[in-house]
Amino acid sequence: MSVNRGIIVDRELSSRKHKGVNSTELAEKIVRERVFDSLYWKLNCFNVNAATILNRCVELRCVGSFEQSGRPFPFLCLFVKLIQMLPPSEIIEFYLQQHEFKYLKVLALLYVRIVERDQDTLRQHLSDYRKIILFENGAWSLTTVDVIVDRLLTEDFFIGLTLPFMGASE
Amino acid sequence: MSQQGSFGRRTWDRNEYERMAHERHKQEHQSHQRQTGKSRAKIIDRAKLNFESNLNKRQVITGQVGGMRGEGVGFRCELCDLRFKDNLKFADHLNSPQHMMNSGEKMVEPATLEQVKAVYEELVRRKTSNDDTQDKPGVTDTNDSHDEDALRTKRAQNHPIAKDDDMSKALGFNTFGSTKR
Ligand SMILES: [Zn+2]
């Protein structure tokens with residue numbers, strides 16, 4: 001992927017559409033571009049599918065978008081890869097229901113919030129109290145899965161990502 | 001190693017030196033085998049580039065390769081006989097159609113749920129046989145004190161990266177090339 005910085009090109013657009021939008025565009029352009037330029041992306045997110053990407057997902061040890069240096073965290077890179085691949089919802093459901101790798105679950109929760117926008121699915125995970133390391137606004141903190149779910153249900157931003165409008169719950 | 005002889009002259013302990021030389025040969029032989037073993041791999045595992053040291057044969061070239069002027073340091077794809085100034089360019093090359101063709105690596109198809117499950121099961125097996133870096137199933141809140149430790153480590157570091165995660169290894173790798181992300 002050579003970068004011509006003079007011309008505006010949408011790189012790495014997905015072959016998949018989600019509700020009429022190219023799925024890659026579910027991440028803001030500024031976010032995508034920085035992810036695509038990262039070494040982690042080039043080395044770990046090329047030529048993978050929803051199965052092989054698990055090898056990287058299970059290595060996650062924190063949730064965050066960008067380090068202070070501007071380098072994207074693996075969490076964000078893998079998230080962008082997920083929305084680019086747009087796996088069938090049964091696979092996302094599998095990520096959510098597995099209990100061995102909690103950071104994989106958080107990845108799937110964020111996916112459900114941003115792509116599927118399904119509040120009921122999110123609510124099912126409000127009783128998961130496992131601890132999660134979070135990097136947000138330049139600081140590390142310890143949170144839990146349920147707190148993250150609650151934030152996804154109620155807030156407009158998460159780790160600097162804009163959460164799209166979800167509509168009122170039934 | 002050396003001893004004072006009866007005339008006050010130093011004499012060499014031949015056995016000792018022979019043993020040392022022998023061990024050195026053995027080591028050299030082993031490291032040579034390791035290198036040649038590696039270079040036979042055709043498809044480069046990109047992810048592996050993260051955590052292997054710069055001593056990996058693909059990465060450090062010091063001057064002896066002709067062609068590129070300027071710095072003699074860079075990353076080399078032996079397969080395509082190309083050299084790159086920084087690791088990002090090198091990574092781009094590994095993902096290029098040209099390199100894919102030379103290496104014979106195929107583009108993967110989208111995964112089915114069954115394939116996802118199979119990879120997952122394998123990872124669970126590996127995890128339980130190795131160690132518990134994450135929680136055990138069904139256990140909440142009590143068993144993840146390691147996260148608190150990890151957090152402490154992260155906070156203690158000026159650089160907001162855990163030393164032992166892949167990105168920091170990638171960082172070591174990264175500082176080699178440009179300052180670009
Ligand atoms: Zn090549």
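## Helix 1 of chain A

In this predicted model, helix 1 of chain A spans residues 29-36 and has these buried residues: A:V31, A:R32, A:E33, A:V35 and A:F36. Buried means under 20% relative accessible area, exposed over 50%, and partly exposed in between, with a 1.4 Å probe and protein chains only. Helices (H or I, at least four residues) and strands (E, at least two) are DSSP runs, numbered from the N terminus.

What covers these buried residues? Among the elements of chain A that do so are helix 2 (39-44), helix 4 (74-85) and strand 7 (161-162). Contact here means heavy atoms within 4.5 Å.

## The zinc site in chain B

Which residues hold the donors of the zinc ion? They are B:C77 (SG), B:C80 (SG), B:H93 (NE2) and B:H99 (ND1), at 1.9 to 2.3 Å from the ion. Donors are N, O and S atoms within 2.8 Å of the metal (3.2 Å for Na, K and Ca); water is not among the atoms, so sites may look incomplete.

The site is tetrahedral, with angles of 106 to 112° among its 4 donor atoms; four donors count as tetrahedral if all angles lie between 85 and 135 degrees. Along the sequence, the donor spacing reads C-x2-C-x12-H-x5-H. B:H93 and B:H99 are both buried, and B:C77 is buried too, at 1% relative accessible area.

## Cysteines and disulfides

A disulfide is a pair of cysteine sulfur atoms within 2.5 Å, and the count over all chains is 0. For A:C77, the nearest cysteine sulfur is that of A:C45, 5.4 Å away. A:C77 is buried, at 0% relative accessibility.

## How to read the numbers

Residues are numbered from 1 along each chain as its sequence is written, while chains are lettered from A and ligands numbered from 1 in the order in which they are written. Local features need pLDDT of at least 70, side-chain atom pairs count only at pLDDT 80 or more, totals for chains, interfaces and linings use all residues, and side-chain values use heavy atoms, leaving out hydrogens and water.

Terms used: Tetrahedral: all angles 85-135°; square planar, octahedral: opposite > 155°, others 65-115°.
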